[in-house]
Amino acid sequence: MSLNIESCVTLNNGVKMPQLGMGVWQVNNTQAAQSVEWAIKHGYKAIDTAKQYGNEKGVGIGLKKGLADNHLKREDIFLTTKIYNGDQGYESTLKQFEGQLKNLQTDYVDLLLIHWPVDGTYLSAWKALEEIYRQGKARAIGVSNFNITKLQDVLKTASVKPAVNQMEFHPLCQEEDIKNFCDEQNIYLEAWSPLGSGTVLKDTRLQKIADKYNKSVAQVILRWDLQRDVITIPKSSHEARIEQNADIFDFELSDDDVNEINGFDIDKRSLWYGSFTWHGNPDGYKDSVEQWDD
């Protein structure tokens with residue numbers, strides 16, 4: 001399987017999306033700007049953010065500087081953002097997305113996702129995404145954290161099929177049923193938290209495989225993602241790690257090792273619908289745009 005940092009998958013509308021990108025969850029605007037600059041410097045072609053992360057402004061600053069410093073154009077970078085849970089609904093989604101574009105310093109995104117399927121609003125939000133897509137302000141549209149039932153709900157009325165479903169996906173949480181359904185529907189699965197928020201990196205079984213290839217556990221997991229035909233967006237705010245996460249194209253996992261990692265799945269999600277107030281949990285997470293001190 002010959003891959004490189006610019007290798008792309010082809011989405012169901014013909015748009016090409018880099019299979020490896022960088023995420024910026026849980027970093028402030030200053031760190032996000034710096035991380036995006038570093039990512040572009042080290043050859044990344046895809047950046048993933050969200051309004052809920054509270055750092056779209058930083059991503060916009062980093063994108064602008066990274067493009068200038070590396071003599072690139074806006075179309076050279078694949079930019080993803082997401083509709084905030086509290087903005088869902090048709091009119092609200094359309095209105096609030098304009099502010100997201102302004103913060104990102106761009107007049108379009110390459111991929112726009114519904115962040116979570118908020119009860120009662122995700123279908124109207126999907127109609128807004130279809131309108132944004134028709135207007136050319138998103139080159140592709142998709143969803144995040146949608147189970148099979150909620151995907152089926154969208155597909156029943158959609159005039160534009162979701163191109164991507166971004167899910168928590170790592171060796172301990174492989175979303176087998178959802179991935180199989182997405183594969184059948186020609187919807188790409190994209191991994192958020194591909195390194196399991198760091199916890200998976202301590203797995204001794206993965207360390208044994210990593211030692212065999214003289215690679216880190218993180219590099220083995222990201223390579224496994226690619227060989228599973230999953231889009232992956234590891235997050236880091238450290239330049240050395242950003243560079244290391246992209247150093248996964250000089251080796252290939254054997255089929256036996258891929259199959260062994262496939263067997264590690266224990267359906268270990270860190271967040272799911274019951275974690276939120278919008279799904280009836282009075283003690284769950286409330287909709288808020290996260291802010292970390294700059």
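Is Cys182 buried or exposed? At 0% relative accessibility, Cys182 counts as buried. The legends below present close-up views of a predicted model.

**View 1. Two cysteines, Cys173 and Cys182, without a disulfide.** Zero disulfides turn up in a search of the whole structure. Cys173 is in none; its nearest cysteine sulfur belongs to Cys182 and is 13 Å away. For Cys182, the nearest cysteine sulfur is that of Cys173. Cys173 is buried, with a relative accessible area of 0%. Cys182 is buried too, at 0% relative accessibility.

**View 2. Helix α6 and its buried face.** Helix α6 spans residues 176–184. Which of its residues are buried? They are Ile178, Lys179, Phe181 and Cys182. Seen down the axis of α6, these buried residues fall within an arc of 160 degrees, so they line one face of the helix. An α-helix has 3.6 residues a turn, so residues three or four places apart point the same way. The face turned away from the buried side carries the exposed residues Glu176, Asp177 and Glu184. What do the buried residues of α6 pack against? Their partners are α5 (148–157), β8 (164–168) and β9 (188–192). Just after α6 comes Asn186, with a positive phi of about 60 degrees.

**View 3. The open sheet of eight strands.** The strands are ordered β3-β4-β5-β6-β7-β8-β9-β10, and their pairing is parallel. Which strands stand at the edges? They are β3 (22–23) and β10 (231–232). Each has a single partner strand, so one side of each is left without a neighbour in the sheet. Strands of a sheet pair through backbone hydrogen bonds, either parallel or antiparallel.

**View 4. Strand β5 between β4 and β6.** Strand β5 covers residues 78–83 and pairs with β4 (residues 46–48) in the parallel sense, over three bridges. In this pairing Asp48 stands opposite Thr80 of β5. How many bridges join β5 to β6? There are four, and these two strands also run parallel. Here the bridge partner of Thr80 is Leu111 in β6. Six of the six residues of β5 are buried, so the strand is largely enclosed by the rest of the structure.

View 5. One β-α-β unit is made of β4, helix α2 (residues 56–69) and β5, and it is right-handed. The chain then crosses from β5 through α3 to β6, and this crossover is right-handed as well. Where does helix α3 lie? Helix α3 (residues 90–104) lies across β5 and β6 (111–114). The helix runs at about 140 degrees to β5.

**View 6. Helix α10 and what covers it.** Helix α10 takes up residues 255–262, and its buried residues are Asp257, Val258 and Ile261. Seen down the axis of α10, they fall within an arc of 100 degrees, so they line one face of the helix. Which exposed residues sit on the face turned away from the buried side? They are Asp255 and Asp256. The cover over the buried residues of α10 includes α7 (204–213) and α8 (217–227).

Methods: Residues are numbered from 1 along each chain as its sequence is written. This is a predicted model: local features need pLDDT of at least 70, side-chain atom pairs count only at pLDDT 80 or more; totals for chains, interfaces and linings use all residues. Side-chain values use heavy atoms; hydrogens and water are left out. Buried means under 20% relative accessible area, exposed over 50%, partly exposed in between (1.4 Å probe, protein chains only). The arc is that of the directions from the helix axis to the C-beta atoms. Contact means heavy atoms within 4.5 Å. Two strands pair if DSSP finds at least two bridges between them. Axes are lines fitted to C-alpha atoms, for helices over the stretch in contact, and angles run from 0 to 180 degrees between N-to-C directions. A crossover is right-handed if, with the strands pointing away from the viewer, the path from the first strand over the helix to the second runs clockwise. A disulfide is a pair of cysteine sulfur atoms within 2.5 Å.
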